Amino acid sequence: MTNRGHPSRFPADAFRRQDESPDEEFYRSPRFVTHIDDRAIAAVTQLYREYFPADGAVLDLMSSWISHLPPKIEYHRVIGLGMNEEELKGNPRLDSHTVQDLNQNAALPFADNEFDGCGICVSVDYLTRPVEVLREVGRVLKVGAPVVITFSNRCFVDKAIAAWRQLDDEGHMRLVEEYLRRAGNWNDIHSLDRSPRRMFSDPLYAVVGRSMGS
Ligand SMILES: C[S@@+](CC[C@H](N)C(=O)[O-])C[C@H]1O[C@@H](n2cnc3c(N)ncnc32)[C@H](O)[C@@H]1O
């Protein structure tokens, strides 16, 4: 039997956060900053170049003012979902955007099979219902379309879930792979270490999976 999306099978306190105040408060003010350095961002952009078809529709989940998509590629449509209206409005790559707290409402406001790729950059550690959210991502992606989940080794500690805080980089990859397995509608799940081979750069890891549909 598959464990189709039962986050309760994780330890009870795995998704607790030090700051349990509403995310809406934490993200009320815009942050026009980058959360990883330029080389790590370049690694994210390269992954998007490799995985997202140039004429496709792309979902930037947990988006902000910057999507890290390859500048020279014109996607058919890029849709962002995040927490801060000002950041999303200021994101030049987005054709449209939605503000939604995924920890309150994990249901994505999109139709089945709408997208050809989804990126979640340096944000998966803030999800308290990641299995539900990723099952939804699988639903809105076309069958075979990729999700590219990237992360580095830093975060807003107060808003990261307990399990994330307790694990190292390797553990983060295993955890995100497990999210996708438990969501039940992903295959070809694998992790990549795309850390820039330079001293003092931020490391960059990715977990990738391909949707099996809803
Ligand atoms: C560290 S920032 C990363 C932003 C962007 N993806 C990037 O690469 O720069 C974390 C992002 O996660 C989003 N986020 C955090 N909690 C969220 C929630 N509960 N629901 C939806 N988005 C959330 C915020 O809007 C914020 O843009």
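Is R17 buried or exposed? R17 is buried, at a relative accessible area of 10% (buried means under 20%, exposed over 50% and partly exposed in between, with a 1.4 Å probe and protein chains only). The model shown here is predicted, so local features need pLDDT of at least 70 and side-chain atom pairs count only at pLDDT 80 or more, while totals for chains, interfaces and linings use all residues. Residues are numbered from 1 along each chain as its sequence is written, and side-chain values use heavy atoms, with hydrogens and water left out.

**View 1. R17 and E20 form a salt bridge.** Their closest N and O atoms are 3.2 Å apart (a salt bridge is a side-chain nitrogen of Lys or Arg within 4 Å of a carboxyl oxygen of Asp or Glu). E20 is partly exposed, with a relative accessible area of 47%.

**View 2. R194 and E50 meet through their side chains.** Here is another salt bridge, with 2.9 Å from N to O. The count comes to 17 salt bridges. Side chains of opposite charge can pair when their charged atoms come close.

**View 3. D23 and D101 each place a polar side-chain atom by a ligand nitrogen.** The distance is 2.9 Å for D23 and 2.8 Å for D101. On the ligand's oxygen side of the story, an oxygen atom is 3.5 Å from an N or O atom in the side chain of S64.

Key
A polar contact is a pair of N or O atoms within 3.5 Å; within protein, one must be able to donate a hydrogen and the other to accept it, and residues adjacent in sequence count only if both atoms are side-chain atoms.
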